[in-house]
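Colleague: Could you take me slowly through the loops of this model, and tell me what stands out at individual positions there?

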Amino acid sequence: ISVIRGYIELLADEREDVSTIETVLSHIDDLIEMSQKARELQQIVTVSPERRRTEMGTFIERIADKVAQDHPEASISVEYDEGLHVNVLQNFDRAVEELVENAVKHSGDSPTVTVAIEPAPNTTEIRIDDDGPGLPEHEAQVLTAGAETPLVHGSGLGLWLAYWIVTSHDGSLEAEVTE
């Protein structure tokens with residue numbers, strides 16, 4: 001796909017009107033990103049079942065800082081009580097990163113995202129709130145049904161990636177749209 005992208009960029013250099021070429025390049029970039037996430041999904045399936053004890057607050061703060069560096073227009077905060085430790089698989093950070101990044105990307109020009117970590121009976125709840133329009137119903141149905149159909153499917157692999165990681169931790173994802 002990268003080779004095709006390179007040849008299309010060469011074509012753009014030869015044309016005056018590049019609007020169509022820019023559209024094609026945008027779609028190619030989407031395919032490249034989806035291919036990268038598909039490779040990540042394959043790695044998740046083969047991840048070691050060993051868990052590591054992790055202090056959730058600082059763990060998620062590091063992820064939020066990473067997303068904030070990639071999106072300086074975003075305001076991302078993490079709320080937690082120190083000392084909450086959880087045993088997680090080595091890919092858990094990728095799920096949290098995907099969800100926080102998704103909240104940032106779909107929340108307008110100056111997004112505000114808050115990640116709250118709270119202990120719950122026999123589990124830990126991580127809530128990601130943003131000021132965006134919320135997850136579209138067809139995307140939420142994919143997560144709650146755990147399957148796609150030709151008429152009900154997600155627009156990318158990011159939420160699936162998070163879904164598979166979270167469910168491999170015996171967890172669940174829930175999407176709720178509020179004011």
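Predicted model: local features only at pLDDT ≥ 70, side-chain atom pairs only at ≥ 80, totals over all residues.

Modeller: Asn-122 is not a glycine, and yet its phi is positive, at about 60°. Most residues other than glycine have a negative phi. Asn-122 has a relative accessible area of 85%, and because exposed means over 50%, this residue is classed as exposed.

A positive phi, near 60°, is also found at Asp-170, again a residue other than glycine, and Asp-170 lies in the segment after helix H6 (158-168). With a relative accessibility of 71%, Asp-170 counts as exposed.

Turning to the loop between strand E2 (75-79) and strand E3 (85-89), one finds Asp-81 there, exposed with a relative accessible area of 59%. Asp-81 belongs to a surface patch of negative charge, in which it gathers with Glu-61, Asp-65 and Glu-82.

The loop between helix H3 (56-70) and E2 contains His-71, whose relative accessibility is 15%, so that His-71 counts as buried, the limit being under 20%. Leaving aside residues up to four places away in sequence, His-71 touches Glu-101, Val-104 and Lys-105.

Conventions:
Residues numbered from 1 in each chain as written. Heavy atoms only, no water. Patch = residues over 30% accessible without salt bridge, like charges linked within 9 Å, V, L, I, M, F, W, Y side chains within 5 Å. Areas by Shrake-Rupley, 256 points an atom, 1.4 Å probe, with all protein chains shown as cover. Salt bridge = Lys/Arg side-chain N within 4 Å of Asp/Glu carboxyl O. Lys, Arg positive; Asp, Glu negative; His and termini not counted. Charge placed at Lys NZ, Arg CZ, Asp CG, Glu CD. Helix = DSSP H or I, 4+ residues; strand = E, 2+ residues; numbered from the N terminus. Buried < 20%, exposed > 50% of the residue type's maximum accessible area, 1.4 Å probe, protein only. Contact = heavy atoms within 4.5 Å.
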